[in-house]
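These are my notebook entries on one protein structure. I record what I looked up and the terms that I used.

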Amino acid sequence: MPVTLEIAPGRAADAQVIAEMSRRLVEVGLPWTWTPGRVARHLQHPESLVLTARASGAGSPILAGFAIMHFGDDIAHLNLLAVDSRWQRRGLGRRLVEWLEQSAITAGTFSLCLEVRARNPVALLFYRELGFEETGRVPRYYSGREDALRLAKDLRHPLARAWPDAGINADGTDRVPGPAPSAAQWLALHFPKDGSHA
Ligand SMILES: CC(C)(COP(=O)(O)OP(=O)(O)OC[C@H]1O[C@@H](n2cnc3c(N)ncnc32)[C@H](O)[C@@H]1OP(=O)(O)O)[C@@H](O)C(=O)NCCC(=O)NCCS
């Protein structure tokens, strides 16, 4: 029987399974902080999204993966993500993150950040493959024991990212953008006629 995967918001009854998967797959060797009660609070929180991937084939559907994301005003924070060992390397983690990215963009939030255990090479490879960049290290982030790496992804369209913006110069002074280029100037700069892109 073919297996089908459904990605959809989680239900109250998923809290226990998600918490157990977190303990088994994410919090290995650390105190269990993503307890069923904490997951249940995120399931109910208006600014959190708990996403599940359910596999069905022969027998009843099983929870193959999940992700928990919190939406801030400007930044969305990916709190937790895991795919059951039997379902890894089939593109499920990628699909969950892409689903979350689209929902953040729809909500008008164009920055996605997360922390990951510094000693989790698989997760680091995974997030780098998905376009996340390292922005810092947080010493003893996990229960005062283990460092985290902070990663972020700019969800804006590449053309919007290239648009001149106000900011701070390297010497600390305010960078005042000049007048925005006309669309024709901007296109000429980024898409020169000889075909070599800036
Ligand atoms: C990290 C994790 C969520 C990835 O989920 P997944 O469904 O297996 O990932 P995908 O199949 O979508 O992989 C996407 C890409 O990431 C990279 N990747 C994923 N797992 C990898 C591995 N074990 N080794 C090397 N690269 C890997 C690959 O580039 C992969 O693309 P490819 O399969 O076409 O080569 C999963 O391994 C997991 O749940 N790990 C335990 C919990 C965890 O560490 N969570 C993240 C921190 S909260």
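**Entry 1: overall make-up.** I took helices (H or I, at least four residues) and strands (E, at least two) as DSSP runs, numbered from the N terminus. On this basis I noted six helices and nine strands in the protein. The model is a predicted one: local features need pLDDT of at least 70, side-chain atom pairs count only at pLDDT 80 or more, and totals for chains, interfaces and linings use all residues. Residues are numbered from 1 along each chain as its sequence is written.

I called a residue buried if 20 or more other C-beta atoms lie within 10 Å of its own, exposed if 12 or fewer, and partly exposed in between, with C-beta atoms placed from the backbone. Of the 198 residues in the protein, 21% are buried. I counted two residues as in contact if their C-beta atoms, placed from the backbone, lie within 7 Å. Among contacts between residues at least 6 apart in sequence, 52% join residues at least 24 apart.

**Entry 2: two packed helices.** Two packed helices are described by the angle between their axes and the distance between the axes. Axes are lines fitted to C-alpha atoms, for helices over the stretch in contact, and angles run from 0 to 180 degrees between N-to-C directions. I found that helix α1 (residues 15-26) packs against helix α2 (residues 36-44) at an angle of about 120°, with their axes 8 Å apart. Angles under 35 degrees count as roughly parallel, over 145 as roughly antiparallel, 65 to 115 as roughly perpendicular and the rest as oblique; α1 and α2 are therefore oblique to each other. Ala15, Gln16, Ile18 and Ala19 of α1 make the contact with Pro36, Val39, Ala40 and Leu43 of α2.

I sorted residues by class: Ala, Val, Leu, Ile, Met, Phe, Trp, Tyr, Cys and Pro count as nonpolar, Asp, Glu, Lys and Arg as charged, and the others, Gly among them, as polar. The contact of α1 with α2 has seven nonpolar, one polar and no charged residues.

Entry 3: I took a residue as near a molecule if its C-beta atom, placed from the backbone, lies within 6 Å of it. The ligand is surrounded by 20 residues, and the closest are Gln88, Gly93, Arg94, Ala123 and Glu129. Two or more residues of the shell come from each of α1, β4, α3 and α4 (121-129). The largest share, five residues, belongs to α4. By class, I recorded twelve nonpolar, four polar and four charged residues in the shell.

**Entry 4: single residues.** Is Thr52 buried or exposed? Thr52, in strand β2 (residues 48-56), counts as buried because it has 20 C-beta neighbours inside 10 Å. Leaving aside neighbours within four places in sequence, Thr52 is in contact with Ala8, Gly10, Asp14, Leu63 and Phe66. Thr52 and Leu63 are eleven residues apart in sequence and 6.9 Å apart in space, C-alpha to C-alpha.

Leu124 lies in helix α4 and counts as partly exposed, with 17 C-beta neighbours inside 10 Å. Not counting residues up to four places away in sequence, Leu124 touches Val116 and Leu149.

I also noted Arg89, in the loop between β4 (75-83) and α3 (92-106). Arg89 is not a glycine, yet its phi is positive, near 60°. Arg89 counts as exposed because it has 10 C-beta neighbours inside 10 Å.
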